[in-house]
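The entries follow in the order in which I made them.

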Amino acid sequence: MKKELRGKAHVFGDSISTDLICPGRYFHLRSNIKELAKHTLEDADKDFVKKTNPGDFVVAGDNFGCGSSREHAPIIIKECGVGAVIAKSFARIFFRNAINIGLLAMECNTEDINEGDELILKPSEGIIESITSGKEIKVKPLTGAMYDILNAGGLKNYIKM
Amino acid sequence: MKQTITEKIISKHADCNVKAGDVVFVNVDRAFVQDGTGPLTMDVIKDIGDAVKNPVKNCIFLDHASPSSKYELSDSHNKLRKYAEKYGINIFEVGDGICHQIMAENFIKPGEIVVGADSHTCMAGAFGAFASGFGSTDIAYAMATGKMWLRVPSAIKVELIGELKKPSMAKDVILYLIGKLGANGANYKTLEFTGDGVEKLSFESRLTICNMAIEAGAKNGIMLADEKTYSYIKKERGEELNFEVLNSDIDAEYEDIISVDLSQIVPQVSMPHLVDNVKTVSEVQKEDIKINQAVIGTCTGGRLEDLTVAAEVLSGKKVADGVRLVICPASKKIYKQAIDKGLLKVFIESGGFIVTPGCGPCVGIQGGVLGTGEVCVSTANRNFKGRMGCTDSYIYLASPATVAASALAGRIVNP
């Protein structure tokens, strides 16, 4: 796991469903992750992919990733180069899937993070520093099996170890 | 030891006594994937050992693109057919039906641990099994090793009291509950349904309720196995199982206890674009919401009981002008039963059309994709924005009775 991640915040609200992250009308693109990733979060923000740079963060409210078990949801977020998803709370299947495919997902109060804020995330220390606002936000570090799996780069790597 | 039924099932499969919060490895009785999640699973299995532990206990279902509407989906199907043959996994073909329904008709037993790469796997909890949905990689691990790691959920007890009064149906019960709990009100938890109300519900109704446990964020939904469970198994499979009583301890601990008086449940509707955005149909009726499409079917509302109720409402009448009525039986078996019972004739004569048993209409793949600005009322389990194939469209969820009545009226009305 990286000691420090730095990037811009792309902020979303509550209940960002897997249908918003990975819309059903692109179901046929699931076998082509590169193509599917061009539509990441399209129904929540049609410009998300255009404005996201590698290392940026997806920041959200409650129940991020609610809905389907489609692993493609965290996969395409990762494919866009997102460094971590930070949310007030996650839906259970999305959270587990994110860790399993090596996408860092962490919980904290995201109320004070605004669109475009420059953030430094220190996952093991459990801190987010906002360069833009000067605020420091506590974030729940991953522990136990979740930490081990993410640290290995996902479940597949963890099993092979 | 004070344990819930979920804790007991997990304990048996972990070979040690567990409590909520424990993280354990369990032996998995059954694992399955569908055609949207399966290809990823097969890639992972190939990578972590290229073999499946108990192939006969695993299934692949070609149900989401049933039949396929694009060549990429057809190619995925062929990939899954190859892997099914290579690993010896059971495969259910295009047209056979929806994974959860086929699992219910053929396989699930009380006390089992069932994991599926589909979020509505929780439907199998109606059998008194621990059934939960996971992602493709988790299921690859379960298929390759026969094991899964789980964090034992704490439980919310939902006491169902009394009996539903027509025209209310099981769908109205679960929509009401999700409206009360919220979309993450039961996050990571078990929804344990108990009470004389459960005993009075038909087995098909129990399946509908457990099907939507995930929409409150639950890890699993579960009901005790009883005579109706074993009768269902005997009727569907010709199997006589030994009657095993597995119950939560009297002093088992719950995070919360909720009581629902079934006799007070009136028809409910889930408003766009969140499942927990629930109102009574009486409230919504005042808003005069015109519809373009009505869907009766899917794993939530496509069983024989559902189709029978809908046919009773539609019999001898015609759907409103401009309304497309889509009928989607949850399995080929139900499709045949509906033919024999004369239900399909009723649907067609009322102006409806039948689509292939499968998930198509629910997930926006085929069988009733909505157009820009269109409104659909459906017996399915999700109404997220864009779910049925078009971002700018509106999905309302309701019971088969409500959907049938609305199809006739051309707007959302009480059955």
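I began with helix α4 (residues 99–106) of chain B and helix α9 (residues 227–237) of chain B, which pack at an angle of about 95 degrees with their axes 8 Å apart. I note that this is a predicted model, in which local features need pLDDT of at least 70 and side-chain atom pairs count only at pLDDT 80 or more, while totals for chains, interfaces and linings use all residues. Residues are numbered from 1 along each chain as its sequence is written, chains are lettered from A and ligands numbered from 1 in the order in which they are written, and side-chain values use heavy atoms, with hydrogens and water left out.

For the terms, helices (H or I, at least four residues) and strands (E, at least two) are DSSP runs numbered from the N terminus; axes are lines fitted to C-alpha atoms, for helices over the stretch in contact, and angles run from 0 to 180 degrees between N-to-C directions. α4(B) and α9(B) are therefore roughly perpendicular to each other (65 to 115 degrees; under 35 is roughly parallel, over 145 roughly antiparallel and the rest oblique). I listed the contacts (heavy atoms within 4.5 Å): B:Gln101, B:Met103, B:Ala104, B:Glu105 and B:Asn106 of α4(B) meet B:Tyr232, B:Glu236 and B:Arg237 of α9(B).

**The five-stranded sheet**

I then traced an open sheet of 5 strands in the order β4-β3-β2-β5-β6 (chain B), with parallel pairing; two strands pair if DSSP finds at least two bridges between them. β4 (90–92) and β6 of chain B stand at the edges, each with a single partner strand, so one side of each is left without a neighbour in the sheet. On average, and with direction ignored, neighbouring strands here are turned by 15 degrees against each other.

Between β2(B) and β5(B), which run parallel, I found 3 bridges, and B:Phe32 stands opposite B:Gly116 in β5(B). Strand β5 (residues 113–116) of chain B pairs with β6(B) in the parallel sense over 4 bridges, with B:Val114 opposite B:Ala131 in β6(B). Helix α2 (residues 38–47) of chain B lies across β2 and β3 (58–61) of chain B, at about 120 degrees to β2(B).

Is B:Arg30 buried or exposed? At 8% relative accessibility B:Arg30 counts as buried (under 20% relative accessible area; exposed is over 50% and partly exposed in between, with a 1.4 Å probe and protein chains only). B:Arg30 lies in strand β2 (residues 30–34) of chain B, and its contacts beyond four places in sequence include B:Met103, B:Glu112 and B:Val114.

**The four-stranded sheet**

Next I followed an open sheet of 4 strands, ordered β10-β9-β8-β11 (chain B), again with parallel pairing. Its edge strands are β10 (220–223) and β11 (256–261) of chain B, each pairing on one side only. Strand β8 (residues 155–161) of chain B and strand β9 (residues 190–194) of chain B pair in the parallel sense over 5 bridges, and B:Glu192 in β9(B) is the bridge partner of B:Lys157.

**Cysteines**

How many disulfides are there over all chains? The count comes to 0, a disulfide being a pair of cysteine sulfur atoms within 2.5 Å. The sulfur of B:Cys299 is 6.4 Å from the closest cysteine sulfur, in B:Cys359, too far for a bond.
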